[in-house]
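Please keep the sequence and the model in view while reading.

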Amino acid sequence: MRLPKKKAVVTGAAHGIGKAIAKRFAKEGAAVCILDIDDRASAEVVAEIEKSGGIAYAIHCDAGDSKQVNAAFDQSIDSMGGLNVLVNNTGIIRQSSVIDMAEEEWDLIIRTNLKSVFLCTQKALKEMIPKKEGGRIISISSIHAVISEPNCSHYTAAKGGIEGFMRTVASEVAPHRITANFIRPGATYTELTIPMYTESVKSHSMREYPLLKLLKRTGSQMLRSFWPVMNRAI
Ligand SMILES: NC(=O)c1ccc[n+]([C@@H]2O[C@H](COP(=O)([O-])OP(=O)(O)OC[C@H]3O[C@@H](n4cnc5c(N)ncnc54)[C@H](O)[C@@H]3O)[C@@H](O)[C@H]2O)c1
């Protein structure tokens with residue numbers, strides 16, 4: 001086991017990549033708090049982890065709301081008895097061209113995908129630094145931070161913002177034996193992306209990018225290539 005007695009918060013862990021991270025961390029011996037807005041799905045993840053002998057808690061939290069973040073972290077730290085690892089995974093996507101994009105949609109993506117990373121990282125560091133036990137902060141970026149496609153300028157801006165933010169955090173917290181990293185996954189079949197893979201997008205993508213044939217595999221198979229990177233960040 002790689003994470004015995006560690007205490008981890010994973011945001012947006014009721015579904016998709018975050019759920020896989022929470023389950024993997026629990027299997028590796030960590031207690032895990034799932035912070036998400038989908039309470040029913042969070043409870044199902046907790047039940048799955050407990051059934052396998054792990055320790056997990058579901059805590060309602062809109063990761064873009066500072067009051068909810070502060071309360072959820074306090075509850076997480078109380079439940080687990082501390083905090084060693086934060087994974088900022090919460091993310092949503094919408095599709096609009098710049099010219100058609102509503103201000104509300106821009107604000108929603110930046111708040112959910114980027115501001116959430118600031119709020120959760122700041123709150124985690126306020127717990128980790130005084131404890132003097134080091135720690136790990138990991139944020140889930142995206143290949144979209146560096147490769148552009150039409151109709152997701154807000155998502156791309158948020159992911160680019162996460163990477164710049166994490167580089168600065170890393171330089172600030174290194175003296176406290178806390179590492180800050182981002183992971184930049186490529187396309188992974190989850191509820192976030194399935195609606196984007198329409199038949200025409202799929203056939204265009206398969207023609208242009210033969211490696212995307214991998215998308216035919218399930219999310220968990222795709223995630224196999226994710227773990228070697230996560231193992232270095234943790
Ligand atoms: N799926 C991909 O292809 C892909 C590729 C690169 C990066 N990513 C990134 O990985 C992360 C996870 O994506 P996914 O594909 O697993 O998505 P998903 O839609 O399967 O899961 C996202 C989770 O975030 C939760 N969530 C949404 N808004 C929230 C909020 N305000 N507060 C707390 N939780 C909230 C949802 O309830 C859900 O459980 C995201 O940051 C995404 O940008 C995904």
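The expected span of a helix is 1.5 Å times one less than its number of residues; helices (H or I, at least four residues) and strands (E, at least two) are DSSP runs, numbered from the N terminus. This is a predicted model, in which local features need pLDDT of at least 70 and side-chain atom pairs count only at pLDDT 80 or more, while totals for chains, interfaces and linings use all residues. Numbering starts from 1 along each chain as its sequence is written.

Within α2, Ser 42, Val 45, Val 46 and Ile 49 are buried (20 or more other C-beta atoms, placed from the backbone, within 10 Å of the residue's own; exposed means 12 or fewer, and partly exposed lies in between). These four residues are on the same side of α2 because they cover an arc of only 100° around the axis, taken from the directions from the helix axis to the C-beta atoms. Arg 40, Ala 47 and Lys 51 are exposed on the other side of α2. Just after α2, Gly 53 takes a positive phi of about 90°.

Helix α4 (residues 103–131) has 29 residues and reaches 41 Å between its first and last C-alpha, close to the expected 42 Å. Just after α4, Lys 132 has a positive phi of about 60°.

The ligand is surrounded by 28 residues (C-beta atom, placed from the backbone, within 6 Å of it). The closest are Gly 12, Gly 16, Gly 91, Thr 190 and Leu 192. Helix α1 (residues 16–27) contributes the largest share of this shell, 3 residues.
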